[in-house]
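Please keep the sequence and the coordinates at hand while reading.

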Amino acid sequence: MAQQTQHLLLAEDNREMRLFLLEALSQYFEVTAVTNGRELSALLCECRGTYDVVVTDLVMPQWNGDEGLEHARMFGVELPVVFISGMFDELAIEEMPGRAYLKKPFHVDALMDAIEAVIREHSRLVSRESGRF
């Protein structure tokens with residue numbers, strides 16, 4: 001049986017970085033890209049259940065990545081997330097389960113490792129919350 005393709009939502013305002021990540025991540029995921037946190041939140045809420053993981057820049061216009069995710073959480077959307085940024089307070093992210101942080105610049109292998117780790121951790125959290133171990 002073929003493995004089902006996972007869907008990744010990418011939020012990155014820098015065009016060159018967005019295109020680079022689209023090309024790199026499309027080898028492993030079905031990728032949808034947006035340019036700000038407002039678009040990120042809108043897609044997560046409108047297409048509930050479509051995405052398996054989020055990769056988002058932290059600093060973007062029209063809501064940053066964290067603001068977009070926080071808004072979506074108010075509507076019950078909770079997904080594993082990898083934050084990418086050149087500027088970030090790492091301590092705020094480290095303590096959040098199902099989340100990871102990568103400081104730009106980073107290697108694509110490091111991003112893939114972070115994505116796999118947050119997906120695994122999020123799955124464990126969901127299993128624990130539903131009573132399955």
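## Overall fold

The model is predicted, and its chain contains five helices and five strands, which follow the pattern β-α-β-α-β-α-β-α-β-α when read along the sequence. Of the 133 residues, 41% count as buried, while the accessible surface comes to about 7,700 Å², with 52% of it belonging to carbon and sulfur atoms. Among contacts with a separation of 6 or more, 60% are between residues 24 or more positions apart.

## Nonpolar cores

The largest nonpolar core has 22 residues, and those with the most contacts inside it are Leu 8, Leu 25, Phe 29, Val 82, Leu 111 and Ile 115. At least two residues of this core come from each of strands E1 (7-11), E3 (53-57), E4 (81-85) and E5 (99-103), and likewise from each of helices H1 (15-25) and H5 (108-129); H5 gives the most, with seven residues.

Leaving aside residues up to four places away in sequence, Ile 115 touches Leu 8, Leu 25, Phe 29, Val 53, Val 55 and Val 82. Another core, of 16 residues, lies apart from this one and includes Ala 11, Val 34, Leu 58 and Tyr 101.

## Helix H3

In helix H3 (residues 65-73), the buried residues are Gly 65, Gly 68, Leu 69 and Ala 72. These residues lie on the same side of H3 because they cover an arc of only 95° around the axis, and they pack against helix H2 (37-46), E3 and E4.

The N-terminal end of H3 is capped by Asn 64, a side-chain oxygen of which lies 2.9 Å from the backbone nitrogen of Asp 66.

Technical notes: Residues are numbered from 1 along each chain as its sequence is written. This is a predicted model: local features need pLDDT of at least 70, side-chain atom pairs count only at pLDDT 80 or more; totals for chains, interfaces and linings use all residues. Side-chain values use heavy atoms; hydrogens and water are left out. A nonpolar core is a set of buried Ala, Val, Leu, Ile, Met, Phe, Trp, Tyr and Cys residues joined through side-chain atoms within 4.5 Å. Buried means under 20% relative accessible area, exposed over 50%, partly exposed in between (1.4 Å probe, protein chains only). Helices (H or I, at least four residues) and strands (E, at least two) are DSSP runs, numbered from the N terminus. Contact means heavy atoms within 4.5 Å. The arc is that of the directions from the helix axis to the C-beta atoms. A polar contact is a pair of N or O atoms within 3.5 Å; within protein, one must be able to donate a hydrogen and the other to accept it, and residues adjacent in sequence count only if both atoms are side-chain atoms. Accessible areas come from the Shrake-Rupley method with a 1.4 Å probe; for residues, only the protein chains shown count as cover.
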